[in-house]
Amino acid sequence: MARSTSFPVRWRSPLRGPWFTSALGVVLLAGITVLFVTGLLSYAAYNPDLSPVNDKTPDKGLLGFYLFSWPTGPYWLYRLTQGVHVTLGITLVPVLLAKLWSVVPRLFQLPPARSVAHALERISLLLLVGGALFEFTTGVLNVQLDYVFPGSFYPLHFYGAWVFFAAFVAHAVLKVPAALRNLRGLREDEGLPRERAGQLRAPHPDPPTVSRRGALWLVGGGALLLFGTSAGRSFDGPLRRTAVLTPHGGADPGSGPGGFQINKTAAYVGVTARETSGEAWRLVVTGRTGIVRLSRAELLALDLHSSALPIACVEGWSTSDQWWRGVRLRDVAQLVGYDADTAPDVLVESLQSHGAFRRAALRTNQVRDARSLLALEVNGEPLTLDHGYPARVIVPGAPGVLNTKWVARMTFGEL
Amino acid sequence: MVNRPGIGSALRHRSGSSKRIRIGSPLQLLLLACSFALAGYAGMRLLADDWFQVALWFVGAALVHDLVLLPLYVAADHAAVRAFGALGHRAGAMYVRVPAAFSGLLLLVWFPLISGQVADRYRSVAGLSGDGFAARWLLITAVLFGGSALLLVLRLRSATKARPPAAH
């Protein structure tokens, strides 16, 4: 039995086998597909084709083929898609690790390649395994603000995802038929031809300490543990407290009207109370009819409207709906010569001195939506400095970074 | 389900001539060429800025996992099973394995927060305390091992009771 001798003797777990690998593979097939789709959606949600300030991967070329104008409804859209992306990614970590464990003896198989196609497949596996670990690692590090990876997160995670996905699709096409056959045709490898099972199964296994089903429960339990300690950070209040090991989990940052999660504090981005004071701060609005300067008091004297909208961050956490009050963006556009129904795109600039999104562009559908506000108050009180006082943007369905805080300038018109 | 007689028969067909370099399934070759082309297109962009570091991370992730992380936890697991085997209670290894796996998993995923290396940035960026992650992780670990120990004691006691006295 040539294959038995090629199987490294140190891999002796009786758990390994086609059934175990196939079960994990099918879970990853579904899970990673969802991760990829929600990841692509997240890129589209930034409206990168609207303006260079929204695009962190301008060299995307054909990889942006699918981009579309991000809608404003349902208003919790990005909260859902990005919450799923990050929480599911965290949940799948043990499944990925178990899958890699189940196939690791094949890394050392001899001969290294049986044919040209097989050699190429093994090179493709490097992209698959390296890509999966690269994507999971950069994602998990980014949500913890641990920016140790070489470069900006956006291009690394986006282009890395495409490299990984190219290998993932090839692997899925080659393996899914056999995986489904394994799961359908046999229970825990009973009756599988020796030569096929032998590729994964140890030839001289140790006696079992746990059944394959038990091992799957262990993997599932680990996934459940990660899910249970992460998912709560998509909600305020008691649910957030369940996210005990996750950034932006635990207790809410305060109990008052401004006591909800903050993405970037004023101090971090260099915004001081002095430049936001009544004397210093003016909103500068530019459009067809020229430039208008408004103090906060003048904004408060305009027609004010309310919206209940969440903040949803690319890092996967979000707040429940907050009650915002302010001037509709389309009403701001009217001040510089546009009808509410024909209001154009807008470039919003913040007071903040640094940060990747101190300038952000909003599309016409976002400007015209009656729920989109230049918010002055939240939950019945003036905005706190950390939530964007004197004025911030809040748009339904959009990623948090497009909800610019400490707004200084709004320039309406074709971008 | 897709039937692919081409791959199997192509391999079988050539299996007789062991000296010649075998090509393999043309369908598989086409698929992989397609995959490499797309990976290359994205990879050029991925490597555009700091190609060496990014390539190091990409390949390094696979190598560190396959050659360091996995052998380490496999060795730890073997040691645990052997230790319980020496005590004549090999199946009891599960009572250490499960809480250790869960605790290790949490540590692996949340290491930057648990180790405190991002605590200062977390506080200044998000205005939240970065302390307490290590304490909470230790608490969860204690609960996991404690629960497992309790379960083991209960199982051992019920096993002793179930055994007839004559068997002693």
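**Exercise 1. What is the handedness of the crossing of α2(A) and α3(A), and which residues meet there?**

Solution. 
- Step 1: read the crossing. α2(A) and α3(A) cross in a left-handed sense. The model is a predicted one.
- Step 2: place the helices. α2 of chain A covers residues 18-45, and α3 of chain A covers residues 77-91. Their packing angle is about 140°, and the axes lie 9 Å apart.
- Step 3: classify the angle. Over 145 degrees would count as roughly antiparallel. α2(A) and α3(A) are therefore oblique to each other.
- Step 4: find the contact residues. On the α2(A) side they are A:Gly31, A:Val34, A:Leu35, A:Thr38, A:Gly39, A:Leu41, A:Ser42 and A:Ala45. On the α3(A) side they are A:Tyr78, A:Thr81, A:Gln82, A:Val84, A:His85, A:Leu88 and A:Gly89.
- Step 5: sort them. The contact of α2(A) with α3(A) has 7 nonpolar residues, 8 polar and no charged.

**Exercise 2. At what angle do α5(A) and α6(A) pack, and how do the residues of their contact divide?**

Solution. 
- Step 1: locate the pair. In chain A, α5 spans residues 116-143 and α6 spans residues 153-185.
- Step 2: take the geometry. The angle is about 140°, with 8 Å between the axes. The two helices are therefore oblique to each other.
- Step 3: α5(A) passes α6(A) in a left-handed crossing.
- Step 4: list partners. α5(A) contributes residues including A:Leu125, A:Leu128, A:Gly131, A:Phe134 and A:Glu135. α6(A) contributes residues including A:Phe153, A:His157, A:Phe164, A:Phe168 and A:Lys175.
- Step 5: divide them. The contact of α5(A) with α6(A) holds 13 nonpolar, 8 polar and 3 charged residues.

**Exercise 3. How is α6(A) oriented to α2(B), and which residues make the contact?**

Solution. 
- Step 1: get the angle. α6(A) packs with α2 of chain B, residues 26-46, at about 175°. Their axes are 8 Å apart.
- Step 2: classify. That angle makes α6(A) roughly antiparallel to α2(B).
- Step 3: name the residues. From α6(A) come, among others, A:Leu156, A:Tyr159, A:Trp162, A:Val163 and A:Leu174. From α2(B) come, among others, B:Gln28, B:Leu31, B:Leu38, B:Ala42 and B:Arg45.
- Step 4: sort them. The contact of α6(A) with α2(B) divides into 16 nonpolar, 4 polar and 1 charged.

**Exercise 4. How many residues of chain A are in contact with chain B, and what area is buried?**

Solution. 
- Step 1: count. 80 residues of chain A are in contact with 63 residues of chain B.
- Step 2: take the area. About 6,500 Å² is buried between chain A and chain B, and carbon and sulfur atoms give 76% of that.
- Step 3: A:Gln144, A:Thr209 and A:Leu245 supply 12% of the area that chain A buries against chain B, more than any other three residues.

**Exercise 5. Which domains make up chain A, and what area is buried between them?**

Solution. 
- Step 1: Chain A is divided into domain 1 (3-228) and domain 2 (266-412).
- Step 2: take the separation. The C-alpha centres of the two domains are 40 Å apart.
- Step 3: count contacts. 29 residues of domain 1 of chain A are in contact with 31 residues of domain 2 of chain A.
- Step 4: take the area. The two domains of chain A bury about 2,400 Å² between them, with 55% from carbon and sulfur atoms.
- Step 5: name the main residues. In domain 1 of chain A, A:Thr72, A:Tyr75 and A:Arg79 lose the most area to domain 2, together 30% of what that side buries.

**Exercise 6. Where are A:Pro111, A:Pro390 and A:His248 found?**

Solution. 
- Step 1: A:Pro111. The peptide bond from A:Leu110 to A:Pro111 is cis, with omega near -5°. A:Pro111 is in the loop between α4 (93-103) and α5 of chain A.
- Step 2: A:Pro390. The peptide bond from A:Tyr389 to A:Pro390 is cis, with omega near 15°. A:Pro390 is in the loop between β8 (381-382) and β9 (392-394) of chain A.
- Step 3: A:His248. This residue is not a glycine, yet its phi is positive, about 65°. A:His248 lies in the loop between α9 (238-241) and α10 (266-269) of chain A.

Technical notes: Residues numbered from 1 in each chain as written. Chains lettered and ligands numbered in written order. Predicted model: local features only at pLDDT ≥ 70, side-chain atom pairs only at ≥ 80, totals over all residues. Heavy atoms only, no water. Axes fitted to C-alpha atoms, helices over the stretch in contact; angles between N-to-C directions. Helix = DSSP H or I, 4+ residues; strand = E, 2+ residues; numbered from the N terminus. Parallel < 35°, antiparallel > 145°, perpendicular 65-115°, else oblique. Left-handed = near helix turned anticlockwise from the far one by under 90°. Contact = heavy atoms within 4.5 Å. Nonpolar A, V, L, I, M, F, W, Y, C, P; charged D, E, K, R; others polar. Domains from an automatic or database assignment. Buried area = accessible area lost by both parts, 1.4 Å probe.
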